Amino acid sequence: MIYADNASTTRISDKALERMLPFLREEYGNPSSLYSHGTKSKNAIEEARCKVAGAIGAEASEIIFTSGGSEGNTCVLSSIMDGHIVTSSIEHDSVLKACHALERKGVDITYLPVDSKGLVSLYDLENSIRSNTKLVSIMLANNEIGTIEPISEIGKFLSKAGILFHTDAVQAVGHIPVDVKQLSVDYLTASAHKFHGSKGTGFMYKRKGVPLSPLVFGGEQELGFRSGTENVAGIVSLGYALEECIDQMEPITNKVRELVEATVSGIRARIPNILVNGNTESHLPGIINIVFEGVSGESLMHLLDLKGICVSTGSSCSSKKKAVSHVLMALGLTEEQARYAIRISYGRFNTIHEAESVIAAVCDACKKIAGFSGKA
Amino acid sequence: MESKVCYVCGKEKLTKHEIGLTKKLLDKNTKCFYCLECLAEYLEVDTEFLLEKIEEFKTQDCELF
């Protein structure tokens with residue numbers, strides 16, 4: 001199998017797995033228990049909290065472990081009970097659907113448009129601010145097209161305006177440098193399985209002094225903001241996985257950039273009329289979103305799957321998912337073009353040989369689909 | 001409803017799954033279909049593999065199957 005869908009999830013790192021296993025076996029104490037068996041678990045959580053804080057320029061007391069990005073995003077958004085929230089039209093569903101739920105409760109939401117590269121305009125954002133604006137939530141990097149938003153500029157403006165600022169950094173943390181002070185954010189959310197940690201674990205940064213309403217009540221774990229017995233093993237894996245990503249960020253970034261460049265140029269050499277979506281100047285290193293004119297992205301994804309290659313598409317006929325990517329539509333693509341797109345996302349375990357196989361398989365599958373459509 | 005025929009070998013009365021596979025893997029708007037064997041040959045995979053995929057598509061609630 002060639003796994004080229006690292007924006008969806010990543011393979012757990014050997015070190016993260018190795019370090020989490022003892023907390024699923026012999027070190028199973030409840031971190032809230034006051035005997036040594038529990039204290040060992042508690043200490044492991046606090047060690048991970050320090051690793052995370054160090055990785056994003058925060059203090060340990062500002063890190064809250066969660067079940068992942070969706071929980072973190074929902075928690076931040078749900079803390080706003082009235083007034084006005086500004087977000088963008090290309091956010092992850094966990095932000096957009098939380099906003100829809102708040103709208104039903106009477107909160108006003110502004111969904112900012114993006115340009116053809118997926119960038120939010122600071123001018124639009126400034127003009128959207130009202131006297132009752134309580135929160136702005138803009139993602140750090142988009143999951144479908146990889147565009148990195150101007151979070152630092154937005155953060156500086158909002159900081160002066162005294163408006164709370166959240167960024168969904170699920171795709172960014174562990175892949176590009178992230179510093180909460182440099183970004184001027186009040187809240188930041190992330191998920192371990194996007195950076196080679198285990199699934200079901202994430203974290204939330206909450207700047208000291210800003211409000212947050214818990215989603216889960218109970219034993220007051222996680223500084224009182226997220227009750228429930230902690231996922232100790234997952235938290236341990238998160239800490240080690242993030243530490244590894246930070247330590248190896250430069251060589252990994254260079255490697256996946258090479259894979260992306262090789263893939264785009266290799267495909268373009270055989271299929272010249274492809275359209276690459278996103279912002280080439282400010283972009284996550286491993287993500288490529290490509291439109292193949294006249295080739296259904298869903299069909300292409302399935303034909304690649306038949307050859308053991310995993311990529312993703314924003315369109316599908318599954319009843320569980322919507323038909324067309326809201327992100328690609330927001331870029332100004334037609335519905336038809338959006339259906340012709342696939343996302344290839346490389347990670348640190350991919351090789352140049354795999355990228356070459358992806359190029360060959362994509363071109364071959366496009367030929368088969370286009371050849372059949374010509375007959376049909 | 002008019003029965004569908006494999007446009008390669010002429011096999012008649014294609015099943016819902018054969019029609020669904022052609023739509024799913026090649027073109028959802030097609031009026032032209034493959035039987036399981038001809039589709040497997042065109043895509044260079046074996047028929048067992050395509051049958052496994054049908055079961056996967058069913059679990060994904062794909063309305064074609």
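This is a predicted model: local features need pLDDT of at least 70, side-chain atom pairs count only at pLDDT 80 or more; totals for chains, interfaces and linings use all residues.
Helices here are DSSP runs of H or I at least four residues long, numbered from the N terminus.

Helix α9 of chain A covers residues 249-270, and Thr263(A) is found in it. Is Thr263(A) buried or exposed? Its relative accessibility is 0%, so Thr263(A) counts as buried. Leaving aside residues up to four places away in sequence, Thr263(A) touches Ile288(A), Ile344(A), Tyr346(A), Ala355(A) and Ile359(A).

Thr313(A) sits in the loop between β11 (309-310) and α11 (326-330) of chain A. Thr313(A) has a relative accessibility of 16%, and because buried means under 20%, this residue counts as buried too. A polar atom of the Thr313(A) side chain lies 3.1 Å from the backbone oxygen of Ala341(A). Ala341(A) is also among the residues that Thr313(A) touches, along with Gly297(A), Glu298(A), Met301(A) and Ile342(A), again not counting residues up to four places away in sequence. Keep Glu298(A) in mind, as we will meet that residue again at the contact with chain B.

Now to the charged pairs. Over all chains, the count comes to 22 salt bridges. One of them joins Lys134(A) to Asp82(A), with the closest N and O atoms 2.3 Å apart. This pair links distant parts of the chain, 52 residues apart: Lys134(A) is in strand β5 (residues 133-137), while Asp82(A) is in the loop between α3 (69-78) and β3 (84-88) of chain A. Lys134(A) is partly exposed at 32% relative accessibility, and Asp82(A) is partly exposed as well, at 42%. Elsewhere in chain A, salt bridges link Lys42(A), Glu46(A), Arg49(A) and Glu222(A) in a network.

Glu55(B) forms a salt bridge with Lys58(B), the closest N and O atoms being 3.2 Å apart. Both residues are in helix α3 of chain B, and because they are three residues apart, about one helical turn separates them. Glu55(B) is partly exposed at 44% relative accessibility, and Lys58(B) is partly exposed at 34%.

That brings us to where the chains meet. The predictor gives the complex an ipTM of 0.94 and a pTM of 0.95. Chain B averages a pLDDT of 93, with 97% of the residues scoring at least 70. The contact takes 21 residues from chain A and 26 residues from chain B. Together the chains bury about 1900 Å², of which 55% is on carbon and sulfur atoms. On the chain B side, Lys24(B), Leu26(B) and Tyr42(B) lose the most area to chain A, together 26% of what that side buries.

How many salt bridges are there between chain B and chain A? The count is three. One of them pairs Glu298(A) with Lys24(B), their closest N and O atoms 2.7 Å apart. Another salt bridge, between Lys368(A) and Glu44(B), has its closest N and O atoms 2.9 Å apart. This pair crosses from helix α13 (residues 352-375) of chain A, which holds Lys368(A), to the loop between α2 and α3 of chain B, which holds Glu44(B). Lys368(A) is buried, with a relative accessible area of 13%, whereas Glu44(B) is exposed, at 53%.

Key
Residues are numbered from 1 along each chain as its sequence is written. Chains are lettered from A and ligands numbered from 1 in the order in which they are written. Side-chain values use heavy atoms; hydrogens and water are left out. Contact means heavy atoms within 4.5 Å. Buried area is the accessible area (1.4 Å probe) that two parts lose on being put together, summed over both. A salt bridge is a side-chain nitrogen of Lys or Arg within 4 Å of a carboxyl oxygen of Asp or Glu. Helices (H or I, at least four residues) and strands (E, at least two) are DSSP runs, numbered from the N terminus. Buried means under 20% relative accessible area, exposed over 50%, partly exposed in between (1.4 Å probe, protein chains only). pLDDT is the predictor's confidence in each residue, from 0 to 100. A polar contact is a pair of N or O atoms within 3.5 Å; within protein, one must be able to donate a hydrogen and the other to accept it, and residues adjacent in sequence count only if both atoms are side-chain atoms.
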